[in-house]
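Here are my notes on this model, point by point. Please read them with the structure open.

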Amino acid sequence: MRNEALHFALRNRKLVVGTVVVAVFLVAGVVGPMTIDHKPADYVGPAMAPPSGEFWFGTTTFGQDVFAQFLYGLRSTFLVGVLGGVLASVVGMVVGFVAGYRGGWVDELLTMVTNIVLVLPALVVLLIVNAYLGVRSVGVQALFIGLTSWPWAARAIRAQTFSLRSRDFVDLARLSGVRTPKIILREIAPNMSSYLFLTFILLFGSAILIAASLDFIGLGPTDSVSLGLMLNNAARWSALQLGMWWWFVPPGAGITAIVGALYVMNVGLDEVFNPKLREM
Amino acid sequence: MLKLDGVSKVYRVGAFGGRALTAVSGVGFEVGEGEVVSLIGESGSGKSTIGRMVLRLTQVSGGTITLDGRDISSIRDRKEYYRQVQGVFQDPFSCFNPIFRADRVFALIKEQYFPGVGAREWRGRVEDALESVRLDPGNVLGKYPHQLSGGQLQRMLIARAVLLDIRLLVADEIISMLDASTRIDVLNLLADLRARGLGILFVTHDLSLGNYVSDRTVVLRDGRIAEMGPTPLVFGDPRHPYTRSLLAAVPRLHTKWTDAPVDGTADGTAEERAEDLPCAYHEAAQGSRTRPGLAEVADGHFVACSGCAGAAPEEKKMKERA
């Protein structure tokens, strides 16, 4: 089964292209910063210089290297997206699967918790928590984002699980003596694997955006740079009005390319997992 | 072998489970080795619920189901139970996980019950089982469910049960999704299995099928047994007005509906007429009421009260006693 999925995965152009784009950015974010010998916030060049051979993406109003900021920004953006997205997905999936499969009072309890977290004004809570704790690290930021953004995923997964658990193949698996966690993992989850991946992508994207919002109001990590922070610096110092396109285009294009590539990957994965969608 | 005793199922419905819905109430019958018992009833009569309770997919609310005298809910190891009792469901397409190959149902059996069996030997067993349900292994192995027909899938499910060497098969409407030509194949297959000593609980709404395959028939109505007994007795000499109206409602092969007499085929008129007939339960001698709510009108032929006037005072008495 695994080899077969791999067989189709390697022949699916959408999946391959999406994976390559994400991988390129990931490698740039992980390896890139090691190749630069100055800090992203260092004033290393002339002010407001357009892209050149020395500074590939130009410099900021203060003479900081935009390319260096971009590479470091990719790293913390991936970090906050992956940590926040994974945490939110895991919580959402566990709550959704258990509530949907078990039903009864377990479902009512978990749905109640989900709804409570859902109606919390998440951004306000994040502001207060961040301000109160004075936390300034990417990891803790991702933790809070993850713990507040899972409810809609849990609700959607619960609904899907509800409809899948009444299918006869679930009963047949129970008649085969398969235990509940294994049924959820091996019978129900694969049927919505592309949906689960889409959930992760959306949570990944929203974690990046929430992190950018926090950065903007000065509650983000102060010791590092993120793509969101770059955008907001560019906006604060009127990069658009001054025609300094090289300051805001790379971070904007970076976020768009990463999330877009993940979306294309999702469409491809859908075709790989669902034999009915295969074109061959 | 399998014995149901006063089995009932109550569902909690409405907000906070405030109301109770009784799907099955006080049902008792047995299925012996090599015996086919058909459970006949209309939609919502509780027949599938009984099948699911026997398969332990739904919990029993009251009464007991025993296998060889052991309460099935006390068998802690579900696998041990499922080695003896298996089910085949109505919709073969929904029984297969659409994203996996169809033969995964066999792989699951191997993984759970025969992890020690070698791959080659297992392949041989699967092929034998497929051949025993008259499928060509080369034709069905390695295919996806949507590439196979309903009849092929249904027979694969029976082959799956055969692999386990079970003693009781719960067949829940297994014929209704099949076309006429594959139908008879599956029925004959059941006959083969029965000859090997397999007990079959055949759940159906189709009277002629019930008549064709079963040794004994249980007619259900609103979750209660209306009539049960040896199939020739129930079909040849139906005592309960509901059974009679069911039998009258079966279309005849050589009669067109335009030629059929209007009274007696339409449900309402048949039941109205039935009210005039004496109630078999209350007409029967007192000593014949050997099971709760059922009178034994002939050897092994039980019938319930038709809901006649005689039932009212009795209910009152019961309430007073309570």
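Which residue follows α8(A), and is its phi positive or negative? α8(A) is followed by A:Gly177, with a positive phi near 85°.

1. Ground rules. This is a predicted model, in which local features need pLDDT of at least 70, side-chain atom pairs count only at pLDDT 80 or more, and totals for chains, interfaces and linings use all residues. Residues are numbered from 1 along each chain as its sequence is written, while chains are lettered from A and ligands numbered from 1 in the order in which they are written. Helices (H or I, at least four residues) and strands (E, at least two) are DSSP runs, numbered from the N terminus.

2. Helix α8 of chain A. The helix is mostly covered, with seven of its eight residues buried. A residue is buried if 20 or more other C-beta atoms lie within 10 Å of its own, exposed if 12 or fewer, and partly exposed in between; C-beta atoms are placed from the backbone. The buried residues of α8(A) are A:Asp168, A:Phe169, A:Val170, A:Asp171, A:Leu172, A:Ala173 and A:Leu175. In chain A they pack against α7 (151-165) and α9 (180-188). In chain B their partners are α2 (78-82), β6 (85-88) and α3 (104-113).

3. The contact between the chains. Chain A puts in 19 residues and chain B 22 residues. Two residues are in contact if their C-beta atoms, placed from the backbone, lie within 7 Å. On the side of chain A that touches chain B, helix α8 (residues 168-175) gives the most, with seven residues. That side of chain A divides into nine nonpolar, four polar and six charged residues. Here Ala, Val, Leu, Ile, Met, Phe, Trp, Tyr, Cys and Pro count as nonpolar, Asp, Glu, Lys and Arg as charged, and the others, Gly among them, as polar.

4. An unreviewed UniProt entry annotates "transmembrane region" at residues 15-36, 78-101, 113-133, 195-219 and 245-269 of chain A. UniProt positions are given in the numbering used here, feature names are shortened, and annotations may be inferred rather than shown by experiment. How much helix do two of these spans hold in the model? Residues 15-36 of chain A are 77% helix and 0% strand, with end C-alpha atoms 31 Å apart. Residues 245-269 of chain A are 100% helix and 0% strand, with end C-alpha atoms 35 Å apart.

5. A helix crossing in chain A. The axes of α3 (residues 66-102) and α11 (residues 227-236) of chain A come within 7 Å and cross at roughly 130°. Axes are lines fitted to C-alpha atoms, for helices over the stretch in contact, and angles run from 0 to 180 degrees between N-to-C directions. That angle makes α3(A) oblique to α11(A). Angles under 35 degrees count as roughly parallel, over 145 as roughly antiparallel, 65 to 115 as roughly perpendicular and the rest as oblique. From α3(A), residues A:Gln69, A:Gly73, A:Leu74 and A:Thr77 meet A:Leu227, A:Leu229 and A:Met230 of α11(A). The residues of this contact are four nonpolar, three polar and no charged.

6. Chain B overall. Chain B has 13 helices and 12 strands. Of its 322 residues, 40% count as buried. Among contacts in chain B between residues at least 6 apart in sequence, 65% join residues at least 24 apart.

7. A sheet in chain B. Four strands form an open antiparallel sheet, in the order β2-β1-β4-β5. Two strands pair if DSSP finds at least two bridges between them. The edge strands, β2 (19-31) and β5 (70-71) of chain B, each pair on one side only. Five bridges join β1 (residues 2-13) to β4 in chain B. B:Leu2 has B:Leu67 of β4(B) as its bridge partner. Two bridges join β4 (residues 62-67) to β5 in chain B. Here B:Thr66 stands opposite B:Asp71, and B:Leu67 is the bridge partner of B:Arg70.

8. B:Asp68 is not a glycine, yet has a positive phi of about 50°. Where does B:Asp68 lie? B:Asp68 lies in the loop between β4 and β5 of chain B, a hairpin with two residues between the strands. B:Asp68 is exposed, with 10 other C-beta atoms within 10 Å. B:Glu173, also not a glycine, has a positive phi of about 55°. B:Glu173 sits in the loop between β7 (168-172) and α7 (180-195) of chain B. B:Glu173 is partly exposed, with 19 other C-beta atoms within 10 Å.
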